[in-house]
Amino acid sequence: MTNRFKKNKPSLIYAVIVTYNPDVARVKEMVKTLSSLELRVIVVDNTESPDKALSFACSEAIALGYNSGIAHAQNIGIAQALKDDADAIIFFDQDSRIDELMIKQLTLALDVPSPLIVAPVFYDEKNNFEYPAILVDQYGFRKKIYPSFCHHPVSVDIVISSGTMANRQALERVGLMNESLFIDYVDTEWCLRARSLGVPIKVIPGAVMLHSIGDNSLDLKFFKVPVHSPARRYYRVRNSFYLLGMKHVPNLLAMREIVFAFIHQIVILCAVPGRREYLRFFYKALKDVVCKKKGKISL
């Protein structure tokens, strides 16, 4: 397979798109764009009643018929791509918008023989702001990085998974996504695992991607509180505690996530309708932490 960008760049690139009750027309548009750039596309659909139209989106559409979680769906795509001798994989979810320049910039940056992960600059499509990448110091303190103001690739420690591209060497060293987390903090855990294994993550300022992050948010002047469904809040609270037990996650960073999970929960309980459901899932999350339950929530 030839690559139109440059012969010595990764020649066989796979795109793994994970969907759940997607806008099928939007997914088809993504597949069309990626295919025109000579990327092979795997769509893994977590929808309980998958839309048959997705099967026409690309030749490798895998309808699971149940919500297996983003980590499991990504792992299915990773396994298939590596089996087919992929040189690199780029991850997307159904809310991302892509263009040729972004793919080109990431592909050019991946021209190294050693493990490397690259990511674009993310802009929130709904609220029109740059989503920061995160740098974590030796003590676990976070620093927000806004790569759009830089002129060269920026080394970071945490990026969101959609739009992130990793070469085969990085994927083989870091390993698969952590399926026990199901959804929230999957990308955070994987990035910090890469960091602990010496695999660099770089944001490429010339690569820009529009992305819808979260459902809605509450603007509290000094910071925004993302508003997810009660079930998503369950994973956010529960998984913040599980980060604390992972050796490659700095304790201070994990503690910060736990504290913010509680702060956000209090704000949402005060400002968002459906308090009873939010409380029910919150207590369920704490109970499951004590019982050490992982994976998909059991109701």
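Helices here are DSSP runs of H or I with at least four residues, strands are runs of E with at least two, and both are numbered from the N terminus. Is Lys-284 buried or exposed? Lys-284 is buried, with a relative accessible area of 19%. The cut-offs I used are under 20% relative accessible area for buried, over 50% for exposed and partly exposed in between, with a 1.4 Å probe and protein chains only. I then listed what Lys-284 touches, leaving out residues up to four places away in sequence: Tyr-234, Ile-297 and Ser-298. Contact means heavy atoms within 4.5 Å.

A note on what I was looking at: this is a predicted model, where local features need pLDDT of at least 70, side-chain atom pairs count only at pLDDT 80 or more, and totals for chains, interfaces and linings use all residues. Residues are numbered from 1 along each chain as its sequence is written, and side-chain values use heavy atoms, with hydrogens and water left out.

**Helix α6**

I went next to α6, which covers residues 230-243. From first C-alpha to last, this 14-residue helix reaches 20 Å, close to the 20 Å expected at 1.5 Å a residue. The expected span is 1.5 Å times one less than the number of residues. Ten of the 14 residues of α6 are buried, so this helix is largely enclosed by the rest of the structure. Among the buried ones I noted Tyr-234, Tyr-235, Val-237 and Leu-243.

**Helix α7**

I followed that cover to α7, which has 21 residues and reaches 30 Å from its first C-alpha to its last, close to the 30 Å expected. Its buried residues include Leu-253, Ile-258, His-264 and Val-267. I picked out Val-267 and read a relative accessible area of 17%. Leaving aside neighbours within four places in sequence, Val-267 is in contact with Leu-218, Leu-220 and Val-225. I also looked up Val-227: its C-alpha lies 9.6 Å from that of Val-267, although the two are 40 residues apart along the chain.

**Two loop residues**

I wrote down a reminder first: most residues other than glycine have a negative phi. Asn-21 has a positive phi, near 45 degrees, and lies in the loop between β1 (13-19) and α1 (24-36). Phi of Asp-85 is positive too, near 65 degrees. Where is Asp-85 found? Asp-85 is in the loop between α2 (70-83) and β4 (88-93), and is exposed, with a relative accessible area of 53%.

**Stepping back to the whole chain**

I counted up the secondary structure of the protein chain: eight helices and 14 strands. Its radius of gyration is 19 Å, close to the 19 Å that the globule rule gives for 299 residues, so the chain is as compact as a globular protein of that length. The radius is taken over C-alpha atoms, and the rule is 2.2 Å times the number of residues to the power 0.38. The C-alpha trace spans about 55 × 45 × 35 Å along its principal axes. Of the 299 residues, 51% count as buried. My last entry is about contacts with a separation of 6 or more: residues 24 or more positions apart account for 72% of them.
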